[in-house]
Amino acid sequence: MSISNEALQKLLLEVETQAIAAQQQISLVRTQQASKQRELRMAQLTRTEISSLPANTNVYEGVGKMFVALPVPNMNSKLEAQIKEVEGEVDGLGKRLHYLEVSQKNNKDQIDRMLRGNAGAS
């Protein structure tokens, strides 16, 4: 069952387009993942620094162009919630990255098979 050259070129172009799109998505997800990991490290460092302060100390949180005073326990609970949220986002991005990498590998394998099959038919 042989495929015409025109149909093969069309199919190859479609698979190649999918591979390029997957590569762009991989790049985007890696950038997002690095950003979230930076955010996570900042929150963890802030939590560590704040935990060394006495409980009755006021700390300040930036809100727009202003700062709002918060007790240390409130800030700690906010940071804990932020850390959990960002960890979940990093995990989700890791799963998406894995899916995209597998998808890209499958597209590359499919292109290789098509090229080998076409070269064998010539």
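1. R47 counts as partly exposed, at 24% relative accessibility. The classes are: buried under 20% relative accessible area, exposed over 50%, partly exposed in between, with a 1.4 Å probe and protein chains only. R47 sits in helix 1. Its contacts, leaving out residues up to four places away in sequence, are N76, L79, E80 and I83. Contact here means heavy atoms within 4.5 Å. R47 and R30 are 17 residues apart in sequence, and their C-alpha atoms are 26 Å apart in space.

2. A word on the basis. This is a predicted model, in which local features need pLDDT of at least 70 and side-chain atom pairs count only at pLDDT 80 or more, while totals for chains, interfaces and linings use all residues. Residues are numbered from 1 along each chain as its sequence is written, and side-chain values use heavy atoms, with hydrogens and water left out.

3. Architecture. The protein has 2 helices and 2 strands. Along the sequence the pattern reads α-β-β-α. Helices (H or I, at least four residues) and strands (E, at least two) are DSSP runs, numbered from the N terminus.

4. Overall dimensions. The radius of gyration of the protein is 25 Å, whereas a compact globule of 122 residues would have one near 14 Å. That radius is taken over C-alpha atoms, and the globule rule is 2.2 Å times the number of residues to the power 0.38. Along the principal axes, the C-alpha atoms fill a box of roughly 80 × 25 × 15 Å.

5. Burial and surface. Of the 122 residues, 20% count as buried. The accessible surface comes to about 9000 Å², and carbon and sulfur atoms hold 56% of that surface. Areas come from the Shrake-Rupley method with a 1.4 Å probe; for residues, only the protein chains shown count as cover.

6. Contact range. Take the contacts in the protein with a separation of 6 or more: residues 24 or more positions apart account for 68% of them.

7. The core. The largest nonpolar core has 11 residues: L40, A43, I50, V59, L70, V72, M75, L79, I83, V86 and V90. Helix 1 (5-51) and helix 2 (72-121) each supply at least two residues of this core. Helix 2 gives the most, with 6 residues. Such a core is a set of buried Ala, Val, Leu, Ile, Met, Phe, Trp, Tyr and Cys residues joined through side-chain atoms within 4.5 Å. In soluble globular proteins, nonpolar side chains tend to be buried together. A43 touches L79, Q82 and I83, not counting residues up to four places away in sequence.

8. Q33 belongs to helix 1. Q33 is buried, with a relative accessible area of 16%. Beyond residues up to four places away in sequence, Q33 touches V90, L93, G94 and L97. N107 belongs to helix 2. N107 is buried at 8% relative accessible area. Leaving aside neighbours within four places in sequence, N107 is in contact with V15, Q18 and A19.

9. An exposed position. K95 lies in helix 2. Its relative accessible area is 57%, so K95 is exposed. K95 and L45 are 50 residues apart in sequence and 25 Å apart in space, C-alpha to C-alpha.

10. Charges. The protein has 15 positive and 14 negative charges, and their mean positions are 1 Å apart. Lys and Arg count as positive, Asp and Glu as negative; His and the chain ends are not counted. Each charge is placed at NZ of Lys, CZ of Arg, CG of Asp or CD of Glu.
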